[in-house]
Amino acid sequence: MMQNPALHYHQLSSYERSKMDSHALDWENEPSVYKEYPGGEVFPIPLEVKMPPVSVFELFQPQLREENPPPLSFDLLGQIMLLAEMLTGRARHANGEIWFRSVASAGALYPCELYVACPGIAGLSAGLYHYRVKKPALVQIRTGNLLPELFEASAPDESRLVFLVSAIFFRSSWKYRDRAYRYHLLDSGHLLENLLLALRAFSFAAQVESNFDDQRVNDVLAVDSRREACLALVRVPFTPPAATETAVPLSPADGLSRRSQVAAREKFYETIQQIHQATSSSLLSGRKKVPVDDFWSRYRPVAGQSDKEIAPPVTVNEVCSYPDVLLHRRSRRNFVSDEPLSTSSFHVVISLVAEAVASPSFASLGLTCGFLVGSVAGTEPGFYALKTADQSLTLVAAGNFLSHMAHACLDQRWLGKAAVHILLFTDLTALENAVGARGYRDVMLAAGRLGQRLYLGAAALELGCCAVGAFYDREAVEVLELPESTNLLYLLAVGPVKK
Ligand SMILES: Cc1cc2nc3c(=O)[nH]c(=O)nc-3n(C[C@H](O)[C@H](O)[C@H](O)COP(=O)(O)O)c2cc1C
């Protein structure tokens with residue numbers, strides 16, 4: 001067994017300017033982005049979202065929302081699924097068309113699938129359901145209460161409803177080859193965050209579980225685990241209805257696994273199989289914390305600059321209606337360099353990330369956040385450290401680094417015109433040594449979750465936002481003279497865009 005498989009994978013899937021080869025896409029073999037279960041009973045979800053107005057910013061604060069959920073029914077569950085992932089717009093291209101969704105996805109390849117294991121609620125009998133995103137519906141793929149199987153596989157507790165997020169590997173590896181596992185995880189994080197916000201919108205508390213027995217869970221899902229694998233579970237406690245129904249027998253999973261195939265000729269990337277296997281072993285017990293603020297102790301703050309305190313998060317603002325924001329969230333790259341980001345918007349953007357990065361589950365992964373400030377009213381351009389312990393931003397290097405970073409991001413020049421870049425990185429060696437290879441999944445899922453928050457927060461502020469997973473890894477770290485042990489995981493650009 002290799003010593004640090006996650007670090008090895010991250011290095012192996014790094015981009016290097018001198019080693020980029022062209023990779024023509026095989027359009028004849030383009031993977032389908034819609035999984036089908038023909039023959040399964042279909043429960044259509046009405047497209048209309050019925051919910052009291054709620055600001056997206058309120059949803060970012062669990063303490064404001066997670067109490068007294070209404071009784072769970074199919075209608076409500078359908079609304080939650082719809083909010084988690086819905087089609088929002090269409091574009092044509094030379095080889096066909098793309099339907100965009102309320103979640104961002106690397107290359108719009110949408111590798112993720114969403115399922116729910118339900119013990120039986122009003123309007124829906126016990127079973128495993130696949131969420132059909134096109135013509136929204138829950139499609140029953142297995143009958144019976146599968147929760148005991150899942151609970152044995154993950155930590156036992158009284159949770160009743162379990163959502164499962166999976167990724168179909170070939171959908172992204174068709175284009176991104178070995179690097180695709182990064183995107184399977186980041187994309188899953190985006191979907192996970194959307195699901196958690198949807199649950200919170202209806203006052204449900206939820207718990208993300210990434211440390212489960214992979215084989216058992218994939219068996220319950222009945223996927224072909226070489227092609228598709230569950231990457232995260234979300235457990236939601238609710239008050240079950242009085243038991244009136246007789247128990248539904250568990251149906252066999254015959255034939256379901258072939259549904260994980262999404263193209264006629266699929267290529268299996270050994271690198272992806274290997275890293276997925278390596279991250280399938282449990283987190284090391286007695287999970288240690290990877291120290292985050294230690295990272296910044298290597299930097300001396302720029303002399304004469306006082307730390308910026310992070311302002312408390314914004315609460316209600318009617319332009320930020322949550323379903324509207326979801327519908328209008330898109331990747332926007334048409335940044336305008338002559339309009340600085342306002343101080344108040346900058347504070348909101350910081351607080352969106354700061355709260356999450358400081359939360360125990362994220363902080364224990366050593367997920368570290370830095371800001372590259374280009375054009376923000378009243379803020380000197382430079383590289384700022386987000387210090388979670390004292391909730392402050394500290395200037396650690398003065399200067400405008402955005403166009404250098406754009407160069408390091410495969411020369412995506414539009415990045416140079418954004419107001420800020422938000423960088424998410426970690427020290428993978430320290431992470432793996434502390435919690436094992438599975439920590440890689442957790443930290444990438446966490447980065448994806450932050451990415452989705454930033455997208456939604458930016459949309460609510462009528463700012464542009466675009467995620468960037470494509471960068472020359474070493475160059476990106478060198479731009480900021482970060483220590484060699486730093487691994488950049490994800491970058492997001494935010495700022496005013498052309499109206
Ligand atoms: C993990 C991830 C990586 C991405 N990397 C890039 C990138 O390097 N460059 C870019 O222009 N867009 C990038 N995007 C944005 C996607 O291209 C975009 O989400 C997708 O085309 C769907 O469009 P939409 O976000 O407008 O719905 C990335 C998105 C995700 C989730």
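Let's start with the backbone: alanine 470 places an N or O atom 3.3 Å from an oxygen atom of the ligand. Keep in mind as you look around that this is a predicted model.

Two side chains also take part. In serine 331, an N or O atom of the side chain is 2.6 Å from an oxygen atom of the ligand. Glutamine 412 reaches a nitrogen atom of the ligand instead, with a polar side-chain atom at 2.8 Å. How much of the ligand does the protein bury? Taken alone, the ligand exposes 620 Å², and the protein buries 91% of that.

The ligand takes up the space of the largest pocket. Strand S3 (96–101), helix H7 (180–201) and strand S15 (464–468) are the elements that give two or more residues to the shell around the ligand. Of these, H7 gives the most, with four residues.

## Who is in the shell

There are 25 residues around the ligand, and those that come nearest are Arg329, Arg330, Ser331, Arg333 and Gln412.

Sorted by class, the shell holds 14 nonpolar residues, six polar ones and five charged ones.

Technical notes:
Residues numbered from 1 in each chain as written. Predicted model: local features only at pLDDT ≥ 70, side-chain atom pairs only at ≥ 80, totals over all residues. Heavy atoms only, no water. Near = heavy atom within 4 Å. Polar contact = N/O pair within 3.5 Å; in protein donor to acceptor, adjacent residues only side chain to side chain. Areas by Shrake-Rupley, 256 points an atom, 1.4 Å probe, with all protein chains shown as cover. 1 Å grid on protein atoms, 1.4 Å probe; cavity = no way out; pocket = protein on both sides within 12 Å on 5 of 7 lines; lining within 4 Å. Sits in = over half its atoms within 2 Å of the grid points. Nonpolar A, V, L, I, M, F, W, Y, C, P; charged D, E, K, R; others polar.
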